[in-house]
Amino acid sequence: MDYDPWHHGISDMSTDNSEKPPNHALSEMRCPASLDDVDLFGPGSQEHWYEAYDILHAEAPVHRLPGEGLSPGTDAYTLSKYSDIARVVKDPDRFRTLISAAIDSVRPAIEEANAAGREPDLPANTNAMIISMATLRPTQQLYRAHRQELTDPWVGPGATRHTEMITRTADELIDSWIDRSEIDFISEFARPLPQAVLAAILGFPREDLSQLAHWGNFQVMPFVEGNGPRNKLTREQWTRQAEALEDFEEYVQDQVAEKRKRPKEDMITFLTQVTYQALGRKLSNIEIIGVVYAMVLGGLETTQYALAEQAQLLCDAPELFQELQRDASKRRSFIEEAMRVRAPTQGLSTRLTTRDEVFQGVHVPSGSLLHLRFAAGNVDPEEYPCPHRIQLDRKRVGGHLSFSQGPRICPGAGLSRIEQTLAWERLFARLENLRYAPGNSFLHQPGIMLGTLKLAVEFDPRH
Ligand code: HEM
């Protein structure tokens, strides 16, 4: 059976969707009718992204953004075809990551200082994450080793070890509202679950959760509040972010010191003890802080968006809720298809061309910035017939771009998939049904993530 999320409900059954206005009805920006109207980054653009992708696929699959390149006089290009995006992310030598440019700029100073046994003299805005990337994973080979040795055991394939903790956390959240008939699904489930899970994995005390969430908001600020293809913040926003993150760095520093003194069963303790085989040595405090920082940046919010979109897809199609409740074997396909049609991270401007390239017949000069529009690639009709439809029996389900692909594919994909699976396992076990409560606007937050601001839902508990 097919589900067509943008036409609210199951294609061959009628459902009452009178509660839900079209995604774009309340936006500040007009729904694009032609290429001239397409703007993926302006205020309110979030309400029309998927209409814009259809236009881009038909008229400008490689879309130039004049003057949006990294250096003056260069351009950025939005890639919206599945095959182009996949080609770019699978070839890191030819399409450099922006972060590797940042790493190369600080690496000589760090290496020189290490050899002389002194602190490196770095630009003021160099944070622990860049430093740890420069020392622990500056090359492709070390990038792989870093993932295998340091993060995979906790947030990659090894994340199955958290099954019991994630299940318990999901149940505790459900316990806190199961006696009510209406909740905000986002602030009472989709958001706190991944936050609590990540804090537990890293080993942060539970009572620090709200403070951590506060710092987390600052960390992801460019992706949530930033403007344009480069997620730019205003000077005032940068200053606020820098101040908040200084406190966060101090906090993590204290946590690392504490774990060195009193080891526990958590990822930070592991990072204080492990010998990084690729370099044959232990990690310094700043390196551990850098790894933690990357985990919080990548993992604090993203799964929230996936869960919130899945809840909406299920409110749109009550039959699908029941089908998945009955048949657990279909849930994996649902989760993957939901991430495909509603990618949490819609796009990232993280790659540079290192030579002249041609995409879809369009010449893209060397040194151009590429905006990889994962969400558009996921609904490319050349890759996915009936691209906007959820098809539980799709071939290569899970082959979408939402976690990217290739050697730099999201290192937390394993954890996120497990979290989503267990979250729905508990929700299907404890809720009879799920439907929209009145009063939803379905408006989205600014920035590059697909984040519905609020989602009032009603349910009947399952007895
Ligand atoms: C639905 C949830 C998630 C989505 C959609 C997502 C998506 C992505 C994407 C698109 C990238 C960019 C990959 C590239 O540049 O090719 C990325 C990178 C990253 N993600 Fe995720 N992610 C999710 C969950 C997580 C979680 C749970 C964690 C950690 C616990 C995490 C940690 C990271 C990190 C550290 C990176 C940067 C890797 C690097 O340095 O190259 N992510 N993620």
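Predicted model: local features only at pLDDT ≥ 70, side-chain atom pairs only at ≥ 80, totals over all residues.
Biologist: Let's turn to the ligand; which residues come nearest to it?

Modeller: There are 24 residues around the ligand, and of these Gly298, Gly299, Ser404, Cys410 and Gly412 come nearest. The elements giving two or more residues to this shell are α13 (285-299), α14 (302-316), β6 (348-353) and α18 (413-430).

Biologist: Which element gives the largest share of the shell around the ligand?

Modeller: That is α13, which supplies four residues to the shell around the ligand.

Biologist: How is that shell made up by class?

Modeller: The shell around the ligand contains 13 nonpolar residues, 10 polar ones and one charged.

Biologist: Going back to Ser404, where is it and what is its phi?

Modeller: Serine 404 sits in the loop between β10 and α18, and its phi is near 65°, a positive value in a residue other than glycine.

Biologist: Is serine 404 buried or exposed, and why?

Modeller: Serine 404 is buried, because 21 other C-beta atoms lie within 10 Å, and the cut-off for being buried is 20 or more.

Biologist: What about cysteine 386, where is it and what is its phi?

Modeller: Cysteine 386 is in the loop between α17 (374-377) and β10 (390-391), and its phi is near 45°, again a positive value in a residue other than glycine. Cysteine 386 counts as partly exposed, because it has 13 other C-beta atoms within 10 Å.

Biologist: New topic: why is helix α16 described as largely enclosed?

Modeller: Helix α16 (residues 331-341) is largely enclosed by the rest of the structure because eight of its 11 residues are buried. The buried residues in α16 are Phe334, Ile335, Glu336, Glu337, Ala338, Met339, Arg340 and Val341.

Biologist: What do the buried residues of α16 pack against?

Modeller: They pack against α14, α15 (318-326), β10 and α18, so α14 and α18 come up here again, because it is buried residues of α16 that pack against them.

Biologist: Now the open sheet: in what order do its three strands come?

Modeller: The order is β5-β12-β11, with antiparallel pairing. The edge strands, each of which pairs on one side only, are β5 (182-184) and β11 (435-436).

Biologist: Over how many bridges do β5 and β12 pair?

Modeller: β5 and strand β12 (residues 456-458) pair over three bridges in the antiparallel sense, and isoleucine 183 has valine 457 in β12 as its bridge partner.

Biologist: What separates the C-alpha atoms of proline 66 and proline 108?

Modeller: The two C-alpha atoms are separated by 33 Å, while proline 66 and proline 108 are 42 residues apart along the chain.

Notes
Residues numbered from 1 in each chain as written. Near = placed C-beta within 6 Å. Nonpolar A, V, L, I, M, F, W, Y, C, P; charged D, E, K, R; others polar. Pairing = 2+ DSSP bridges. Buried ≥ 20, exposed ≤ 12 C-beta atoms within 10 Å, placed from the backbone. Contact = placed C-beta atoms within 7 Å.
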